[in-house]
Amino acid sequence: TKALSIPQSVKKKVYERDDGRCIICGRSGAPNAHYISRARGGLGIEENIVTLCASCHRDYDQSIQRISLGRMIADYLDSIYPDWNEDNLIYRKDR
């Protein structure tokens with residue numbers, strides 16, 4: 001659905017928030033990684049999007065490192081947004 005895609009305005013804010021760098025390794029990256037995946041209903045909002053380099057994004061999406069990288073991403077987002085809550089990152093029809 002449209003709620004899961006990442007609007008340009010969100011990409012711009014996330015890129016600026018993350019200083020254009022992968023939040024995992026510090027290399028140059030793109031603000032297009034969902035913490036809660038689109039497949040699981042993850043919204044395209046700032047609180048669910050991070051900047052990752054291609055390598056870290058691939059590792060987060062497709063490797064056994066997903067759990068440890070996910071913890072790092074969650075800690076990062078929680079440190080920025082005081083009321084950050086994973087339940088608020090998932091699309092629900094009733095919202």
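This is a predicted model: local features need pLDDT of at least 70, side-chain atom pairs count only at pLDDT 80 or more; totals for chains, interfaces and linings use all residues.

Analyst: Asp19 is not a glycine, yet its phi is positive, at about 60 degrees. Is Asp19 buried or exposed? With a relative accessibility of 60%, Asp19 lies above the 50% cut-off, so Asp19 counts as exposed.

Now look at Asp18. Its relative accessibility is 6%, which is under the 20% limit, so Asp18 counts as buried. The side chain of Asp18 also has a charged partner: Asp18 and Arg17 form a salt bridge, with an N to O distance of 2.8 Å.

From there, step back into helix H1, which covers residues 8-17. Here Lys12 and Glu16 are four residues apart, or about one turn of the helix. Their side chains join in a salt bridge, again described by an N to O distance, here 2.8 Å. Both of these residues, Lys12 and Glu16, are exposed.

How many salt bridges does the whole structure have? A search finds four. Another one to look for pairs Arg66 with Asp61, where the closest N and O atoms are 4.0 Å apart. Arg66 has a relative accessible area of 25%, so it is partly exposed. Asp61 is partly exposed as well, with a value of 44%.

In soluble globular proteins, nonpolar side chains tend to be buried together. Here, the largest nonpolar core has 18 residues, and among those with the most contacts inside it are Tyr35, Tyr60, Ile73 and Trp84. Strand E2 (49-52), helix H2 (54-62) and helix H3 (66-80) are the elements that each give two or more residues to this core. Of these, H3 gives the most, with four residues.

Leaving aside residues up to four places away in sequence, Trp84 touches Tyr35, Glu47, Ala74, Leu77, Asp78 and Leu89. Two of the names in that list, Tyr35 and Leu77, are also among the core residues with the most contacts. If you select Trp84 in the viewer, you can follow its contacts to Tyr35 and Leu77.

Notes
Residues are numbered from 1 along each chain as its sequence is written. Side-chain values use heavy atoms; hydrogens and water are left out. Buried means under 20% relative accessible area, exposed over 50%, partly exposed in between (1.4 Å probe, protein chains only). A nonpolar core is a set of buried Ala, Val, Leu, Ile, Met, Phe, Trp, Tyr and Cys residues joined through side-chain atoms within 4.5 Å. Contact means heavy atoms within 4.5 Å.
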